[in-house]
Amino acid sequence: MSKRIDELSAQIHQLEKELKDEIKKIRIQTYEIREKGIHFTEEIRARHREQVMHLGQYLRRSKLKHLLTAPVIWLCIFPAVFLDLIVSLFQGACFPVYGIPKVKRGDYIMFDRKHLAYLNLIERANCLYCGYFNGLMAYVTEVAGRTEQYWCPIKHAQALKIEHSRYRKFAAFGDSEDYKKRAPTLRRDFGDIDNPES
């Protein structure tokens, strides 16, 4: 990989860290996380409760197309749960054999929106579903990314729309010398992962 690409990658990583720090500052001003629970001030909780839209009003305002397609969306929960089980089994069985740090599922699948008092029952259920499903996709992507780093750490010829967290480390497409030289090291290069699950 060229020196300039390494420099840009390091700058991006630093900017991502700074962005997370700024978001954390905003969070501290409005709520705090204690013992895995979200705690708002009583004033904010009261304001949230005033803004909840009751179920009858929510359903009356819902568009027919949303009501008709909701069951199709919810059907996806069955393959999602199956995928969750298979990927968790896969990494549990294979990652220790390969020496790959396990992905912490709880870092990706979050159920914190239940603490939002301005959501009604349907909105909470939808948020629960979306938090699970999108978190699951991120979790699966990270498991797949670590697997790809072990088995085939080569970038693609064309730019990807979204890259997983391990992709920047991969050897350049078409650079056989770089791949042959770095592949054995890349397979074990997980030292940058914070708090890997044991």
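This is a predicted model: local features need pLDDT of at least 70, side-chain atom pairs count only at pLDDT 80 or more; totals for chains, interfaces and linings use all residues.
**Helix packing around H5**

The crossing of H5 and H6 is left-handed.

To start with the geometry: two packed helices are described by the angle between their axes and the distance between the axes. For H5, residues 77-98, against H6, residues 121-151, the angle is about 30° and the axes lie 10 Å apart. Angles under 35 degrees count as roughly parallel, so H5 is roughly parallel to H6.

Which residues make the contact? On the H5 side they are Ile-77, Ala-80, Val-81, Leu-83, Asp-84, Val-87, Ser-88, Phe-90, Gln-91, Phe-95 and Tyr-98. H6 contributes Tyr-129, Tyr-132, Phe-133, Leu-136, Met-137, Tyr-139, Val-140, Val-143, Arg-146, Thr-147, Tyr-150 and Trp-151. By class, the residues of this contact are 18 nonpolar, three polar and two charged.

Next, the other partner of H5 that I want to show, H4. This helix covers residues 64-75 and packs on H5 at an angle of about 15°, with 5 Å between the axes. H4 and H5 are therefore roughly parallel to each other as well. Here Ile-73, Trp-74 and Leu-75 of H4 meet Ile-77, Phe-78 and Pro-79 of H5. That contact has six nonpolar residues, no polar and no charged ones.

Now the cores. The largest nonpolar core has 14 residues, and Leu-136, Tyr-139 and Val-143 have the most contacts inside it. Both H5 and H6 supply at least two residues of this core. Which helix gives the most to it? That is H6, with six residues.

Leu-136 is worth a look on screen. Leaving aside residues up to four places away in sequence, Leu-136 touches Ala-80, Leu-83, Asp-84 and Ile-109.

Last, Ala-93, which sits in helix H5. Is Ala-93 buried, exposed or partly exposed? Its relative accessible area is 46%. Buried means under 20% and exposed over 50%, so Ala-93 is partly exposed. The C-alpha atom of Ala-93 is separated by 35 Å from that of His-115, 22 residues apart along the chain.

Key. Residues are numbered from 1 along each chain as its sequence is written. Side-chain values use heavy atoms; hydrogens and water are left out. Axes are lines fitted to C-alpha atoms, for helices over the stretch in contact, and angles run from 0 to 180 degrees between N-to-C directions. Helices (H or I, at least four residues) and strands (E, at least two) are DSSP runs, numbered from the N terminus. Angles under 35 degrees count as roughly parallel, over 145 as roughly antiparallel, 65 to 115 as roughly perpendicular and the rest as oblique. A crossing is left-handed if the near helix is turned anticlockwise from the far one by less than a right angle, and right-handed if clockwise. Contact means heavy atoms within 4.5 Å. Ala, Val, Leu, Ile, Met, Phe, Trp, Tyr, Cys and Pro count as nonpolar, Asp, Glu, Lys and Arg as charged, and the others, Gly among them, as polar. A nonpolar core is a set of buried Ala, Val, Leu, Ile, Met, Phe, Trp, Tyr and Cys residues joined through side-chain atoms within 4.5 Å. Buried means under 20% relative accessible area, exposed over 50%, partly exposed in between (1.4 Å probe, protein chains only).
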